[in-house]
Amino acid sequence: MYQMNRRQAMVSIGAFAVLVGCGTDDSKKKQADNLAANRDGSMPGYGAGSQFKAAVPLSFTVLYNNHPFYPLKNDWLFWSELTKRTNVTFQPSVVPLSDYENKRSLVIGAGDAPFIIPKTYPAQETPFVASGSILPVSDYLDLMPNFKERVAKWNLQPDLDTLRQADGRFYLLPGLHENPWVDYSLAVRADILDKLGLQIPQTWEELRTVLKALKAEYPDSYPLSDRWGTLTPGANLLNIIGISYGAPGGWGYGEGVWWDPAAQKFAFTGAMEPYKQMLQYLNTLVKEGLLDPESLTQTDDLAIQKLVSGKSFMISTNAQTLVNEYRPPLEKANPEARLVKIPLPVGPLGPIKYGAGNTRLENGVMISKKARDSKNFVAMMQFIDWLWYSDEGQAFAKWGVEGVTYTKEASGKYKLAADVDFVGLNPKAPKHLQKDFGFSNGVFVYGGPTELLQSTFSEEEVAFQKVMNARKPVQVPPPHPLTDEEREQATLWQTPLEDHVTQNTAMFILGKRDFAEWDAYVGELEGKNMSSFVNMVNAAYERFKKQHG
């Protein structure tokens, strides 16, 4: 068994109206009675800003996503200190990161899921709604004062509404960001650019020009050789370029529809003209020998090996990947190498800010339906509210214990202890915040105030964020929840549609299919019920708008 370990305020949440299912007075009374019966261990008077501590020792099961960079350890300070602060012990069901999504589906389907199911991205909860195996968490927000306070304070209702199902409820407690956050971009060998007198590219066309100059100097190279293709073909590249054109692929493809603000309706992403333009751009890079054709599908290890050996000079990245996975082997192979994360190049839509999902919601927590019948249910919801949504809980999960893993300056700024490293802030320190202490763990840390989010950022990452924050965020798409019957039908349509888009996306990029056949490709999508699917989504949008305003 692994241990985990301001004052009270009454918060008015008039700005946030909680939508719940249309239950009868009897069903609501029954729900209230059940809550009254399931309060064992809960904290009387718990409110926003309270330090949660269970009235009696409690233990909660959790599905644990085990990251290979910091594999779980029984003696982490995180576990013991969290028990000390909250009187709660975790019982983790440990699953390797590589198998997490599959294992999560299996245990939920089998009815064996732990009570707490973290690391679930928006829309990943949808397949479990119809079976009733996960909890409609929006029914229980009154137990979560910190969550409610943040939604009201940060005006997150439009973002939260995108999670609602056809019954008006939502089934995922997402990570809540104060501001939109962009992390993924491209890493570039700045030392090589300096050597050739090249500037950091500001647009995708400028990026092509820089790649051409690199190719001319190093004709045997593929200047851009990308990674993450084994997870989703062209995962990051198709997303960051696609959104800048107005039609994302890769990680941004989602359910296959994209909100068109001009037309005020959804369109099928893979058939949109901007999607075609994005593919044409990438095809040009392939034809000119600037983009490695293996980028869509090669393993991460191979992509990193090409970067380290000097066979490529650009690769997809995020802040931690840059520091943890790229720089150490690159600098060992070439001490003069200087790899930097660049602001996202600007595309046809201009200087927009486009992060994952174009929302301030991040991956979050599902709750097993079985948890609702636990005598400790109220205490569990209070605990989740404290750990994932309070200022104190988030600061603890991220930074650890003051005087051990960090200190605080007079200004309130966090500073890592001299013997602790994290994201390269103390590169020669003997201990690591994640590996040796269990803090800044992706299972427990996401969302939060911008100041806390950026507290672990290096100066260069703060500079990156400053550039991105000056841009205009992409509009959050409106809610369009499907009924159970519609979702079942949509799934039958979506799978062959997505398979066809994925297959032909690669063919167009690699030049195995000519763009003269674009109309034929769209016709093939039509033959796979593209219009029927999009019409269903738009009808769901109109229905939700009419019902809920």
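A word on terms to start: contact here means heavy atoms within 4.5 Å. Please also keep in mind, as you go through these points, that this is a predicted model.

1. **Ile384 and its neighbours.** With residues up to four places away in sequence set aside, Ile384 touches Ile116, Met144, Leu173, Ile367 and Tyr389.

2. **The nonpolar cores.** Ile384 is one of the residues with the most contacts inside the largest nonpolar core, alongside Leu173, Met381 and Trp388. That core holds 67 residues. Helix H12 (residues 377-389) gives the largest share of this core, eleven residues. Another core lies apart from it and has 65 residues, including Leu291, Val340, Ile342 and Met530.

3. **Strand E4 and its partner.** Strand E4 spans residues 116-120. Four of the five residues in E4 are buried, which leaves the strand mostly covered. E4 runs antiparallel to strand E12 (residues 361-367), and three bridges join the two. To find the pairing on screen, look for Ile117, whose bridge partner in E12 is Met366.

4. Most residues other than glycine have a negative phi. Lys119, which lies in strand E4, has a positive phi instead, near 55°.

5. **Positive phi at Asn155.** Asn155 is not a glycine, yet its phi is positive, at about 55°. Where does Asn155 lie? Its place is the loop between helix H4 (145-153) and helix H5 (157-161). Is Asn155 buried or exposed? With a relative accessible area of 53%, Asn155 is above the 50% cut-off and therefore counts as exposed.

6. **Ser295, a loop residue.** Ser295 sits in the loop between helix H9 (273-287) and helix H10 (300-308). Why does Ser295 count as buried? Its relative accessibility is 2%, and buried means under 20%. Beyond its neighbours within four places in sequence, Ser295 is in contact with Leu224, Ser225, Asp226, Arg227 and Gly229.

7. **The largest cavity.** By residue type, the lining of the largest cavity has three nonpolar, five polar and no charged members.

8. **The second largest pocket.** About 600 Å³ of space lies in the second largest pocket. It is lined by 25 residues, and those closest to its centre are Trp399, Lys413, Tyr414, Lys415 and Ser455. Which elements each supply at least two residues of this lining? They are helix H13 (391-399), strand E14 (414-416), H14 and H15. The largest share, five residues, comes from H13. Charged residues do take part here: the lining of the second largest pocket divides into nine charged, nine nonpolar and seven polar.

Note on methods: Residues numbered from 1 in each chain as written. Predicted model: local features only at pLDDT ≥ 70, side-chain atom pairs only at ≥ 80, totals over all residues. Heavy atoms only, no water. Buried < 20%, exposed > 50% of the residue type's maximum accessible area, 1.4 Å probe, protein only. Core = buried A, V, L, I, M, F, W, Y, C linked by side-chain atoms within 4.5 Å. Pairing = 2+ DSSP bridges. Nonpolar A, V, L, I, M, F, W, Y, C, P; charged D, E, K, R; others polar. 1 Å grid on protein atoms, 1.4 Å probe; cavity = no way out; pocket = protein on both sides within 12 Å on 5 of 7 lines; lining within 4 Å. Points joined across faces, edges and corners; volume = space filled by probe spheres on them.
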